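I opened this entry to record what I looked up in the structure.

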Amino acid sequence: MELNGRVAVVTGGTRGVGAGIARSFLAAGAEVVVCARRPPDEPVAAGGRQAAFTAVDLRDPVAVGEFFDAVAARHGRLDCLVNNAGGTPYRLLGEGAAERHARVVELNLVAPMTASLAAYPWLRESRGSVVMVGSVSGTRPSPGTAAYGAAKAGLENLARSMAVEWAPEVRVNSLVLGMVRTELAHLHYGDEAGVAAVGATVPLGRLAEPSDVGEAAVFLASGRAGYVSGASLLVHGGGERPAFLDAATVNKES
């Protein structure tokens, strides 16, 4: 159990990718606190152990500061912050005012920075780490989710700058996620046939499971990644097959 005795916070850890990350940390032996605006439908648990939950709005700096102080007071330490909370509805740029798109940037970029700054004193004391949960949307065009893609691009750069500024006491890394199968996958990919069809476009033949992301996050938080900082770990199943390969009229496999 490589994270025995460690304490981790997973933002947005009540469902989907965040819950998968929290379960992986529990399975690795860590004490886990998940936070979100609303409690989970059922406790996040793994291996007979359960994550604690605290309701907090990550866009409220005062509440965020109080939350991390309470975590440190309750557990005596903080070893890892996983900035997972985020997301966006599908909205073309012309379908909303700038203020609506700015709210997406606030949730996906400003809120992780707020949480990281609040957690920093405790992470520095434990020589801990921050794991940012990014997206391939930040590395390629993101039509329909442009503000989200811009925020994720900024998050990856923020992590690299933090890694330099906070070294050597705190390591900071990013997970760059591709498509993940969660309870909300149907909103993005459609029914089971749609999910399967989208999964078939991934070189590894399927969408990621939340546990795949969780195992990668545990690695970055563990001593095995003790010399890894400022890095971006791609968790995307091999990426996306270039469209031109299927459109071209030459070099087709028989």
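The entries below go from the whole chain to the sheet and then to the cavities.

**Entry 1: the chain.** I note at the outset that this is a predicted model. I looked up the secondary structure and found eight helices and nine strands. I then checked the radius of gyration: a compact globule of 254 residues would have a value near 18 Å, and the chain agrees because its own value is 18 Å. Along the principal axes, the C-alpha atoms fill a box of roughly 65 × 45 × 40 Å.

**Entry 2: the sheet.** I asked in what order the strands form the open sheet. Seven strands take part, in the order E5-E2-E1-E6-E7-E8-E9, and their pairing is parallel. Strand E5 (52-55) and strand E9 (232-235) are at the edges; each has a single partner strand, so one side of each is without a neighbour in the sheet. From one strand to the next, the twist averages 20 degrees.

Strand E7, residues 129-135, and strand E8, residues 171-177, are joined in the parallel sense over seven bridges. I looked up Val133 and found that its bridge partner in E8 is Leu175.

I also asked which strands helix H4 lies across. Helix H4, residues 146-165, lies across E7, E8 and E9, and it runs at about 155 degrees to E7.

**Entry 3: the largest cavity.** I searched the whole structure for cavities of 30 Å³ or more and recorded three. The largest cavity has a volume of about 60 Å³. Its lining consists of Thr88, Pro89, Arg91, Leu93, His101, Val104, Gly144, Thr145, Ala146, Ala147 and Tyr148.

Helix H3 (98-126) and H4 each contribute at least two residues to the lining of the largest cavity.

**Entry 4: the second largest cavity.** I recorded about 40 Å³ of space in the second largest cavity. The residues that line it are Leu3, Arg6, Val7, Ala8, Phe25, Ala30, Asp79, Cys80 and Ala221. By class, I counted seven nonpolar and two charged residues in this lining, with no polar residue.

Definitions and conventions:
Residues numbered from 1 in each chain as written. Predicted model: local features only at pLDDT ≥ 70, side-chain atom pairs only at ≥ 80, totals over all residues. Heavy atoms only, no water. Pairing = 2+ DSSP bridges. Helix = DSSP H or I, 4+ residues; strand = E, 2+ residues; numbered from the N terminus. Axes fitted to C-alpha atoms, helices over the stretch in contact; angles between N-to-C directions. Contact = heavy atoms within 4.5 Å. 1 Å grid on protein atoms, 1.4 Å probe; cavity = no way out; pocket = protein on both sides within 12 Å on 5 of 7 lines; lining within 4 Å. Points joined across faces, edges and corners; volume = space filled by probe spheres on them. Nonpolar A, V, L, I, M, F, W, Y, C, P; charged D, E, K, R; others polar. Rg over C-alpha atoms; globule rule 2.2 N^0.38 Å.
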